[in-house]
Amino acid sequence: MPAHAVTEAQFMPALHVFLQASDGDDAAIEPAAEAFAALSQAEPGNAVLLAYRGAATAMLAKTMWMPWKKMRQAEDGLAMLDKSLAMLATGQPGLSPSGAATTLEVQYVAARTFLAVPTVMHRHEQGMRLLAQVQAHPQLAAAPTILRERVRQTAKQYGVGL
C-alpha cells in the first residue's frame, strides 16, 4: 500500500468542511475548495484528493454571479473529476486517507457531483452508472461508516439500487 503525503489528520478536517458544503452550507463551499486545492497540490498524483478538489470546484459555481463564471467553475471541476477517474485506470490501488478503497471513494465523489450538476452538463447518466458501480463495489461493506451512509443516502435520493 503506497504511503500518502497527506495524512488522515490533514484529510478529515477538509472532508468535514466538504460534507457541510455538499449538504447545502454555501458558506463552506469556498473553504472546502481551498482545503482540497491545498491537499491536492501537496499530493498531485492522488486521485481521491483530485476528485474532492474537482467536486468542490464544481460547487463553487453556486457562489458565482456571472453565468460564464458559473460555467467555468463547473467545467473545471468536472474536468478534474474526469482526470481522477482516468487515474483509476492507470492504477490507484490501496486506500484513501479516509480509509476507503481509492476506487470506491473516487467513483462516489464523481457520481454525487455528476448527479448534482445541472442537466445541461450531460452528466446524469454517467453519475447514475457510477453510483450503481459504487453500490456493487466489493469493498463498500468495509468502507468507513460515513462513506457507506452517504452512498445509501445518495442512492435513496436518486432511486438507485433500492
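A crossing of two helices is called left-handed if the near helix is turned anticlockwise from the far one by less than a right angle, and right-handed if clockwise. The crossing of H1 and H2 is left-handed. The structure described here is a predicted model, in which local features need pLDDT of at least 70 and side-chain atom pairs count only at pLDDT 80 or more, while totals for chains, interfaces and linings use all residues. Residues are numbered from 1 along each chain as its sequence is written, and side-chain values use heavy atoms, with hydrogens and water left out.

The helices are DSSP runs of H or I with at least four residues (strands, E, need at least two), numbered from the N terminus. Two packed helices are described by the angle between their axes and the distance between the axes. Here an axis is a line fitted to C-alpha atoms, for helices over the stretch in contact, and angles run from 0 to 180 degrees between N-to-C directions. The axes of H1 and H2 come within 8 Å and cross at roughly 150°. In this contact (heavy atoms within 4.5 Å), H1 contributes Gln10, Phe11, Ala14, Leu15, Val17, Phe18 and Ala21, and H2 contributes Ile29, Pro31, Ala32, Ala35, Phe36 and Leu39. These residues divide into 12 nonpolar, one polar and no charged. Nonpolar covers Ala, Val, Leu, Ile, Met, Phe, Trp, Tyr, Cys and Pro; charged covers Asp, Glu, Lys and Arg; the others, Gly among them, are polar.

H1 also packs against H3. Their axes come within 11 Å and cross at roughly 35°, again in a left-handed crossing. On the H1 side the contact involves Phe11, Leu15, Phe18, Ala21 and Ser22, which meet Val48, Leu49, Tyr52, Ala55, Ala56 and Met59 in H3. This contact holds 10 nonpolar residues, one polar and no charged.

Proline 13 belongs to helix H1 and is partly exposed, with a relative accessible area of 46%. The terms are set by that area: buried means under 20%, exposed over 50%, and partly exposed in between (1.4 Å probe, protein chains only). Proline 13 and alanine 32 are 19 residues apart in sequence, and their C-alpha atoms are 9.4 Å apart in space. Glutamate 30 is located in helix H2, residues 29-42, and counts as partly exposed because its relative accessibility is 46%.

Two histidines lie in loops. Histidine 122 is in the loop between H5 and H6, has a positive phi of about 55° although it is not a glycine, and is exposed at 68% relative accessible area. Histidine 137 is in the loop between helix H6 (124-136) and H7. Because its relative accessible area is 15%, histidine 137 is buried. Leaving aside residues up to four places away in sequence, histidine 137 touches Ala101, Thr103, Leu104 and Gln107.

Rolling a probe the size of a water molecule over the atoms shows where empty space is left. On a 1 Å grid over the protein atoms alone, a cavity is a set of points where a 1.4 Å probe fits but cannot get out, whereas a pocket is an open set with protein on both sides within 12 Å along at least five of seven lines; lining residues have an atom within 4 Å of a point. The largest pocket is lined by 34 residues, of which Ala55, Met59, Arg112, Thr113 and Ala116 lie nearest its centre. H5 gives the most to this lining, with six residues. The lining comprises 24 nonpolar, five polar and five charged residues.
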